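Morning, everyone. Let me put the model up, and then I'll walk you through it.

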Protein chains: 2
Amino acid sequence: MKIEKENSIFSFSKTNTPVAKVKPKEKICIETKDALSDEIRSENQSFDSINWEKVNPATGPIFIEGAKEGDVLEVNIENIKITRDYGVMLTGKDMGALGDSFERSFIKIVPIKENKAFLYDYEIPLKPMIGVIGTAPKEGNIPCGTPGEHGGNMDCNIIGEGTTVYLPVNVEGALFALGDLHAAMGDGEVCVTGVEIPAEVFVSFNIIKDKNWKLPMVKTEKNIYSLASKPSLDEASITATKNMVHFLSQEYKLSKEKAIFLLSATGNLQICQVVDPLKTVRMELSLEFLK
Amino acid sequence: MKIEKENSIFSFSKTNTPVAKVKPKEKICIETKDALSDEIRSENQSFDSINWEKVNPATGPIFIEGAKEGDVLEVNIENIKITRDYGVMLTGKDMGALGDSFERSFIKIVPIKENKAFLYDYEIPLKPMIGVIGTAPKEGNIPCGTPGEHGGNMDCNIIGEGTTVYLPVNVEGALFALGDLHAAMGDGEVCVTGVEIPAEVFVSFNIIKDKNWKLPMVKTEKNIYSLASKPSLDEASITATKNMVHFLSQEYKLSKEKAIFLLSATGNLQICQVVDPLKTVRMELSLEFLK
């Protein structure tokens, strides 16, 4: 099944109408627009031409059959295919870490070929990742540009091919969506974008019952991560740490002091992004310690 | 030359009397006490027995011959030898990320053997690093437990064997000191300590003239880092990014927008620690892009 990019939402909400129903283990292809709704084609394009109401589209929502409130939705990112020969970056006045020192704004077109992104004369190896990935919250509308406990715009560098993402099921069917792909992005996303691209994302789902985890979480071949998005990095770092301690307590019966000593000696507190309405931090722990 | 650990300071200041004079390129051994002044030997030791006035000793200060105000001090960390068969960790009430959820405090003795630290039943590979490394500020006393533009307690995981650290020379001779070694520490140091150890650190110095860099900076075989310590991670992340942009402008003539696009696509904003009086963030950039 392929879900086309014209099926998009700009906020996560239980009131969104599902565009597809998918069974657990079914492999599907989700086509996405870039974070600017594919509307930027030139570095000379006026910033005023950008429709800010249409940034961060996420394709969906997808109804996952059998997903009930309180379950954990496991999302397996099997493959990501970039579907355009260039990416787009933006920065400038009031945007990102240098926002206070720019007088104007800048668009950068980043050609993509031979498995690299060509930013000026820099050849950047592609490492495609998903910026927005989430489920509907229990109540309200959360803009796709905002991260939170439902996932959303976490801009987590780690969410790429081979990654498993764990999200909460807050409403029947979960109402999953994703978008905002990046051909490459450094931790922090400091200019306010990654190398923004449209893509096809191949995923499958599982439903996990009876787990009391503080979500979102992410797993790769080597590591497990707890993620937290809060108004400040300081708050996010404390919450991400506490969420991992909670997970270790739930799944491995670790006492709080044993868990925090392990994380202090070997866990890595890492920044996902510092430029969205909430900031996102992840705590990384090697799966070596969870055998 | 060996500088023994009895020669220690508890704050960086131009009023400290040098304990040695060292020439550029001279290899020296700096012996250090652990961050608790080697006073903890048992998990049953009372927390009240800890002399908080004697935490974070740094061995020195060392007068570097030829270092003048305005120079950059290059410190090459050649080798680190752990000199005790156990490390110490602390956490508890009002300490670290879980400080608000502990009723009491905990000491953990961490045996070290066969190139591993044994924390409970976890076998943690040793990765020795330097927590406190700095020079005297131009004015005032900065406690060794506090990081800043002079270096100090940055608790930066990257500062280990083979690393080069760049620090400001604020007073004649620089008055360099280091201490607070960790056998292993995750980024964040979330419990409030790493695996605290005494050590011998083998270093040599160079003096770099006529550079306008915002310091501290760090270089490894693969990457270069700008570091910033601020009251919040949010402020530290902005400053670390701006400091790298400044460096790229000074050394490689990059425009601000070119530098920030490069950092957003490939640079990694990373957490050093979240538990000292100021919090420390580093911006990592691959040396691949600086050829």
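First, the ground rules. This is a predicted model: local features need pLDDT of at least 70, side-chain atom pairs count only at pLDDT 80 or more, and totals for chains, interfaces and linings use all residues. Residues are numbered from 1 along each chain as its sequence is written, chains are lettered from A and ligands numbered from 1 in the order written, and side-chain values use heavy atoms, without hydrogens and water.

Now the copies. Rotate by 180°, with 0.0 Å of shift along the axis, and chain A superposes on chain B at RMSD 0.0 Å.

On to the rings. The whole structure has 14 aromatic pairs over all chains. Rings of Phe, Tyr and Trp (its six-membered ring) pair if their centres lie within 6.5 Å; planes under 30 degrees apart are stacked, over 60 edge-to-face, the rest tilted. Take B:Tyr166 and B:Trp213: centres 5.5 Å apart, planes at 85°, so edge-to-face. Both are buried, meaning under 20% relative accessible area, with exposed over 50% and partly exposed in between (1.4 Å probe, protein chains only). B:Trp213 also pairs edge-to-face with B:Phe247, at 5.4 Å and 75°. B:Phe247 is buried, at 6%.

Last, helix 2 of chain A, residues 256-266. Helices are DSSP runs (H or I, at least four residues), numbered from the N terminus. Nine of its 11 residues are buried, so helix 2 is largely enclosed by the rest of the structure. Among them are A:Phe261 and A:Lys258.

Key. Copies are superposed by least squares on the C-alpha atoms of residues with pLDDT of at least 70 in both. Helices (H or I, at least four residues) and strands (E, at least two) are DSSP runs, numbered from the N terminus.
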